[in-house]
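Visitor: I have a model open and some questions about how it is put together. Can we start with the terms?

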Amino acid sequence: MIETEQERVVSQEERLAAQRRAQSEAHQDSFRRTLLSARRTIKFSETMRLAIDSFRASKGRFALTALGMVIGSASVILVVTIGMTGRDYALGLIEKIGTNMVEVEYAGGGATGTESAVYNDYLTRDDERAVDTQVPSIMFSSPVLETHDRISFGGGVVKDTLVLGVEPAYKNVRNLIVTQGRFFDDNDAAAHIKCAVVTLPFAHEMFGSADAAVGQNFQISGIPFTIIGTFRESVDDFGQSELTDNTILIPYSVARYFTGTDNVKQIYFSLRSMADVPDASKSILQIVKSRHKPNSVYKTTDLKELLTTAALIANGLTAVLIAVAMVTLAVGGVGIMNIMLANVRSRIREIGIRKALGATSREIRLQFLTEAIMISLAGGIVGTILGLTLPLSVRLFTDYAIPISPWSIIAALGVSLIVGVIFGTVPATRAAQMDPVESLKYE
């Protein structure tokens, strides 16, 4: 009986100890929740509402502060758009010259060690046909047989003139534009018709106009030719091509009369696209070399490298202009920081009251940082909209599709956000570090 009473007392003591432990754990848990609540007294949505209320109280200051970000963001969009437009225009001009064109040329050699005489291992029409057959990406091809003649322009004026014997496909290979009349065709070439297509300067100088030149006759090496058309290049290449101001194009079959051979120094090939150029160049060179002497030297030329270089230059200029626009965003960020510092100074008593009511330094910092980010991001959004207005209007009301880069939009908004964080940190930190007692004393 005594043992039972002792066991009951021990059991009660154990229950009391368990209750005390449970109460202690409950107090500790409550204390932890209190600490967590003290650190996160205000929800972020409430912080946003406080920032919006602050903006409503001073709309003019908010608008002027965001103006720098508006200008900076709009500048980024417009600079990228202008840079891309200029790049596309420049690349388009280069493409018209013939970026999908490959020229193969005989560069010399061909003599073996036992041959003392110079041996010219020129290209032939058979080389052209072999390449056309074995390279599927080729669309057009034409040999170029070059001769020169002194032609009388009347009034005692005689000039050295370049005469090129080409195939009808040369027009497509070089993207030539026929301004008057027509270009000679396969029937003209097969029938050995003595016809010619001349440049605009040639037509103007000899006959006064392109229209007047069509149908007129003139002589090359004493042989009469009839002008059936005038032409020009798609883009002025500033004399960097085989064509000159006084160039005459005649059928290749007729040009052979002046040379007496099928040998040519150059053959032009036009490919389906610029992407086919590198592989096609290698294949063309390999095929041509396999058909000639080992010591003969041939080379291929294309405009792909020029196009790549032009794109790099355009992208570099665009990057420089973007950097200048970023400076405008940075200046806008400095303006945000200065206004926010002044804002902190004008709201010292508000900060003191909030801290006295339990607001933590973290909450004060978050509030002012949120205001800075909202100003910066709002300016960035408005600036982006304004920056897109011009290119979108041009695309909507004209036939010209100005390129718009989605990356420029992301960059403008992203930089605006970063600027708000960077330049809003100093004012927010200064507000958070204020002493509540001194803040309440501030007049």
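Guide: Contact here means heavy atoms within 4.5 Å. Helices (H or I, at least four residues) and strands (E, at least two) are DSSP runs, numbered from the N terminus. Buried means under 20% relative accessible area, exposed over 50%, and partly exposed in between, with a 1.4 Å probe and protein chains only.

Visitor: And where do the values come from?

Guide: This is a predicted model, in which local features need pLDDT of at least 70 and side-chain atom pairs count only at pLDDT 80 or more, while totals for chains, interfaces and linings use all residues. Residues are numbered from 1 along each chain as its sequence is written, and side-chain values use heavy atoms, with hydrogens and water left out.

Visitor: Which residues of helix α9 are buried?

Guide: In α9, residues 252–259, they are Y252, S253, V254 and A255.

Visitor: What covers the buried residues of α9?

Guide: The cover includes α4, β2 (138–154), β3, α6 (186–190), β7 and β8 (247–251).

Visitor: Switching to charges. How many salt bridges does a search of the whole structure find?

Guide: The search finds nine. A salt bridge is a side-chain nitrogen of Lys or Arg within 4 Å of a carboxyl oxygen of Asp or Glu. One of them pairs R125 with E128, at 2.7 Å from N to O.

Visitor: How far apart are R125 and E128 in helix α4?

Guide: They are three residues apart in α4 (residues 125–134), so about one helical turn separates them. An α-helix has 3.6 residues a turn, so residues three or four places apart point the same way.

Visitor: Is E128 buried or exposed?

Guide: E128 is buried, at 4% relative accessibility. R125 is buried as well, with a relative accessible area of 16%.

Visitor: What about R125 and E167?

Guide: Their side chains also form a salt bridge, 3.2 Å from N to O. R125 is in helix α4 and E167 in the loop between β3 (157–166) and α5 (170–173), so this pair ties together parts 42 residues apart in sequence. E167 is buried, at a relative accessible area of 14%.

Visitor: Which residue does E233 pair with?

Guide: E233 forms a salt bridge with R174, and the closest N and O atoms are 2.7 Å apart. E233 sits in strand β7 (residues 223–233) and R174 in the loop between α5 and β4 (176–181), so to speak distant parts of the chain, 59 residues apart. E233 is buried at 18% relative accessibility, and R174 is buried at 2%.

Visitor: Which residues do shared partners join into one network?

Guide: R125, E128 and E167 are joined that way by their salt bridges.

Visitor: Next, helix packing. Which residues of α12 and α13 meet?

Guide: From α12, E350, I351, R354 and K355 meet S361, E363, I364, Q367 and F368 of α13. The residues of this contact divide into three nonpolar, two polar and four charged. Ala, Val, Leu, Ile, Met, Phe, Trp, Tyr, Cys and Pro count as nonpolar, Asp, Glu, Lys and Arg as charged, and the others, Gly among them, as polar.

Visitor: Last one: what does the secondary structure of the protein come to?

Guide: The protein has 15 helices and ten strands. Of its 443 residues, 39% count as buried.
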